[in-house]
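Dear colleague,

I am passing on the structure we spoke about, and I would be glad if you could look it over with the notes that come after it.

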Amino acid sequence: MTSAPLMYKPLEQENLVDWGTIPTMIEGVSHVSGKLIHKGPNGESECGLWVCTPGKWECHVTRDEFCHFLEGRSTYVHESGEVIEITPDTAAFFPKDWKGVCTVHETIKKVYMIR
């Protein structure tokens, strides 16, 4: 193990862990899988690879989250009506308590950091 946990070529990762389905679905059934790079003591921070299949759900971000979307296409609509279009190579920061609706149009893959 290195002194800094890392993941080479996240788009080429195989043997992802099944993380189940999104519990707040509005339409469809989005299936989630991924691979952790690191999880801090008591789960206070986490980073890794996250993959989600198409569907639409209510989204409530419970901790600050930085995302770099690598593949796929999705739309996040904040409860204020602001629309955020996500395409490959988009970086986004969702602050704690961000609320809205996420629609995944094409399976998305992202690397993320939650704190």
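This is a predicted model: local features need pLDDT of at least 70, side-chain atom pairs count only at pLDDT 80 or more; totals for chains, interfaces and linings use all residues.

A search of the whole structure finds 4 aromatic pairs. One of them joins Tyr-76 and Trp-98 in an edge-to-face arrangement, with 6.0 Å from centre to centre and 75° between the planes. This pair links distant parts of the chain, since Tyr-76 belongs to strand β6 whereas Trp-98 sits in the loop between β8 (90-94) and β9 (99-114), 22 residues apart.

The C-alpha atoms of Thr-75 and Thr-90, which are 15 residues apart along the chain, are separated by 12 Å.

The structure holds 5 salt bridges, and three of them are described here. Arg-115 forms a salt bridge with Asp-64, the closest N and O atoms being 3.0 Å apart. Because Arg-115 lies in the segment after β9 and Asp-64 in the loop between β5 (55-60) and β6, this pair ties together parts that are 51 residues apart in sequence. Arg-115 itself is exposed, with a relative accessible area of 57%. Lys-110 forms a salt bridge with Glu-65, where the closest N and O atoms are 2.9 Å apart. Here Lys-110 is in strand β9 and Glu-65 in strand β6, so the pair ties together parts that are 45 residues apart in sequence; both Lys-110 and Glu-65 are buried. In a further salt bridge, Lys-39 and Glu-46 have their closest N and O atoms 2.8 Å apart; Lys-39 is partly exposed, at 46% relative accessible area, whereas Glu-46 is buried, at 12%.

Finally, on the surface, Val-17, Trp-19 and Leu-36 form a nonpolar patch with about 250 Å² of accessible area together. Val-17 is placed in strand β1 (residues 17-21) and is partly exposed, with a relative accessible area of 46%.

Definitions and conventions:
Residues are numbered from 1 along each chain as its sequence is written. Side-chain values use heavy atoms; hydrogens and water are left out. Patches are made of residues with over 30% relative accessible area and no salt bridge: like charges are joined within 9 Å, nonpolar side chains (Val, Leu, Ile, Met, Phe, Trp, Tyr) within 5 Å. Accessible areas come from the Shrake-Rupley method with a 1.4 Å probe; for residues, only the protein chains shown count as cover. A salt bridge is a side-chain nitrogen of Lys or Arg within 4 Å of a carboxyl oxygen of Asp or Glu. Helices (H or I, at least four residues) and strands (E, at least two) are DSSP runs, numbered from the N terminus. Buried means under 20% relative accessible area, exposed over 50%, partly exposed in between (1.4 Å probe, protein chains only). Rings of Phe, Tyr and Trp (its six-membered ring) pair if their centres lie within 6.5 Å; planes under 30 degrees apart count as stacked, over 60 as edge-to-face and the rest as tilted.
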